[in-house]
Amino acid sequence: MAALAVGASASARVLDSSDRTFSLPGVRYMHKIRLSDTTLTPRVEKLPEGLRWNDRRKLVEGTVAAEGDYVYNVIAGADTVPVHLTVSSSLPMPTPMMGWLSWNVVLSNVSESLLRETADAMHDKGLYDAGYRWLGIDDDWHCGAERPADSIPAPDPVRFPHGMKAVGDYLHERDLKFGIYSTAALRTCDNKFGSYLFEDIDARAYADWGVDFLKYDYCWVPELNIGDYTTQEVALDLYSRMRRALDKTGRPIVLYMCEWGTTRPWEWAHKAGAPMWRATHDHRDGWYGRRLNTDPDNTHLGGQGVFDIMNHWRHFSQYTGVNHFNDADMLCIGIRGRGKASNLLLLDVTYNRPEGVFEKDGQRYTGMDTEEARTEFAMWCMWSSPLILSLDVRDYISPGDLAVITNPELIAINQDPMGQSADFVHERDGFQLWVKDLADGGVAVAVVNMNDTAADYTLDPADIEALEAGTAYTLRNLMERSDDGRLDGPRKLSLAPHACKVWRLAPVR
Ligand code: GLA
């Protein structure tokens with residue numbers, strides 16, 4: 001597949017951060033202002049009551065108490081860009097989705113019994129209590145490659161003997177949300193019928209089934225012959241068609257876009273009424289992805305490892321906010337090489353081997369190691385990415401993996417009600433430093449050893465602009481759930497390859 005160019009309209013932007021933002025009333029709000037022309041210095045005007053301009057950090061911050069729609073302006077050179085802020089306690093996705101999707105380990109074996117057993121396991125294994133509530137059926141639920149003669153979508157009658165509404169009812173009875181999958185084209189990625197030109201009829205069926213979210217994919221859009229699929233115009237048109245159809249049903253259904261970051265969806269997804277969207281190509285169960293090319297930004301198709309996604313994320317973290325989430329794809333933690341689609345880092349595999357793909361060169365594929373899986377989970381939390389598990393939760397989950405995915409202190413970072421993503425600060429000595437602003441005025445800091453060997457790093461508070469100079473901070477080690485003393489000057493640390501440390505910092509007053 002050729003390189004994917006960014007949609008033409010993207011280059012005309014003045015603001016290189018979002019012009020559509022959301023906040024919960026009475027909760028700290030933050031909007032980082034970055035400009036496409038980095039030689040210009042931004043300023044703002046007409047801020048609503050409760051917000052102020054932080055000129056040192058070039059961001060708007062504060063708290064708006066009253067619900068409502070507000071507009072303020074960012075001024076950059078000769079341009080004035082209005083920013084629309086909605087403050088509301090009834091947003092569709094105030095904090096990132098936490099849930100599970102079938103694709104990585106189940107592939108085409110998705111069924112009613114699988115969903116029922118998965119729902120039960122979410123409760124039995126403490127995942128529901130940890131916050132995972134949204135369960136989605138990915139591709140291959142369909143009755144075939146073609147839709148039925150009456151055009152109304154139907155699931156495979158053998159694997160879904162009681163129809164989709166029975167699945168939705170089972171989940172709802174257990175206080176879980178129900179998700180389904182389709183594409184904005186005539187076929188799904190795995191060659192079942194898609195929703196293009198059938199949006200109304202499909203949306204109606206999903207509403208009748210009790211669907212709460214729709215993962216809406218982008219494969220086969222090129223064959224529609226409706227224009228350049230890498231442009232924002234084409235993508236917005238296709239996603240808006242489905243958004244309108246969903247709205248017509250009267251049922252609130254979250255639109256979860258999945259065009260893999262092809263058209264910089266963080267710039268426009270709100271126009272299609274989508275509070276979350278895939279920002280990356282498919283993530284696989286590994287540290288390094290499929291090295292298809294030497295593109296430093298990983299804008300090509302192909303499996304992405306944790307390493308690749310970390311290097312990609314630094315370009316758009318500033319667009320993340322409440323009800324506005326970049327998604328780093330399903331988590332592979334806990335799969336431990338037992339997946340199917342998640343094992344596609346092996347180049348010589350047959351895509352749909354139902355038993356999965358476990359071997360390469362006679363060696364069993366084991367996926368990410370323990371440190372890599374912990375780093376994966378920690379970074380998804382740091383970025384406010386949706387936390388969508390894809391391991392088989394019915395299967396054995398090691399106590400260590402279960403402790404990570406249910407770790408309330410890491411999850412609290414992910415679910416922070418200010419909704420900011422960590423920003424990339426630097427890579428030094430092969431270590432990446434990421435810092436996330438939090439609603440309580442504190443920050444979370446992640447240090448990741450990107451080296452393939454154990455190595456040393458010095459964490460220097462002077463590198464963290466969110467900290468107040470001359471103030472000491474307490475360090476809470478979120479992975480270990482222990483106190484690590486104070487950060488009042490540079491601190492040396494040693495980390496295993498691909499391992500991370502994540503701390504929550506609070507000022508000592
Ligand atoms: C695409 C998506 C995946 C998954 C598959 C299903 O590759 O990116 O997440 O939904 O399609 O076929």
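1. The disulfide. In this predicted model, C189 and C219 are joined by a disulfide, with the two sulfur atoms 2.0 Å apart. A pair of cysteine sulfurs is called a disulfide if they lie within 2.5 Å, and by this rule the count comes to one. The angle about the S-S bond is 95°, and the link of C189 and C219 is right-handed.

2. C189 sits in the loop between β10 (177–183) and α5 (199–209), while C219 sits in the loop between β11 (213–217) and α6 (232–249), so the bond ties together parts that are 30 residues apart in sequence. C189 itself is partly exposed, with a relative accessible area of 24%.

3. C258 is in no disulfide, and the nearest cysteine sulfur, which belongs to C189, is 6.7 Å away. C258 has a relative accessible area of 1%, so this residue is buried. C500 is also in no disulfide; in this case the nearest cysteine sulfur is that of C381, 10.0 Å away. The relative accessibility of C500 is 11%, and C500 therefore counts as buried too. The cut-off for buried is under 20%.

4. Which residues come nearest to the ligand? There are 13 residues around the ligand, and those that come nearest are D138, D139, K215, W260 and D282. Sorted by class, the shell has seven charged residues, six nonpolar ones and no polar ones.

5. Oxygen atoms of the ligand. The side chain of D217 has an N or O atom 3.0 Å from an oxygen atom of the ligand. For the side chain of W260, the distance from such an atom to a ligand oxygen is 3.0 Å. For the side chain of R278, the corresponding distance is 3.1 Å. On its own the ligand has 310 Å² of accessible area, and the protein covers 95% of this.

6. Most residues other than glycine have a negative phi. K46 is not a glycine, yet has a positive phi of about 60°. This residue is found in the loop between β3 (43–45) and β4 (51–54). D140 is not a glycine either, and has a positive phi of about 80°. The loop that holds D140 runs between β9 (134–136) and α4 (163–173).

7. Is K46 buried or exposed? K46 has a relative accessible area of 61%, so K46 is exposed. D140 has a relative accessibility of 0%, and therefore counts as buried.

8. A pair for scale. H172 lies in helix α4. With a relative accessibility of 31%, H172 counts as partly exposed. Between H172 and R481 there are 309 residues in sequence and 33 Å in space, taken from C-alpha to C-alpha.

9. Strand β20. This strand spans residues 443–449, and seven of its seven residues are buried, so β20 is largely enclosed by the rest of the structure. Both faces are covered: one side has V443, V445, V447 and N449, and the other has A444, A446 and V448.

10. The partners of β20. Strand β19 (residues 431–437) is joined to β20 by seven bridges, and the two run antiparallel. Within this pairing, L433 stands opposite V447. β19 and β20 form a hairpin with five residues between them, and G441 in the turn has a positive phi of about 90°. β20 is also joined to strand β25 (residues 500–507), by six bridges and again in the antiparallel sense. There, V445 has W503 of β25 as its bridge partner.

11. Strand β21. Here the two faces can be told apart. In β21 (residues 455–459), A455, Y457 and L459 make up the covered face, whereas D456 and T458 make up the uncovered one. β21 pairs with strand β24 (residues 491–495) in the antiparallel sense, over five bridges. A455, from the covered face of β21, stands opposite L495 in β24.

Note on methods:
Residues numbered from 1 in each chain as written. Predicted model: local features only at pLDDT ≥ 70, side-chain atom pairs only at ≥ 80, totals over all residues. Heavy atoms only, no water. Helix = DSSP H or I, 4+ residues; strand = E, 2+ residues; numbered from the N terminus. Buried < 20%, exposed > 50% of the residue type's maximum accessible area, 1.4 Å probe, protein only. Near = heavy atom within 4 Å. Polar contact = N/O pair within 3.5 Å; in protein donor to acceptor, adjacent residues only side chain to side chain. Areas by Shrake-Rupley, 256 points an atom, 1.4 Å probe, with all protein chains shown as cover. Nonpolar A, V, L, I, M, F, W, Y, C, P; charged D, E, K, R; others polar. Pairing = 2+ DSSP bridges.
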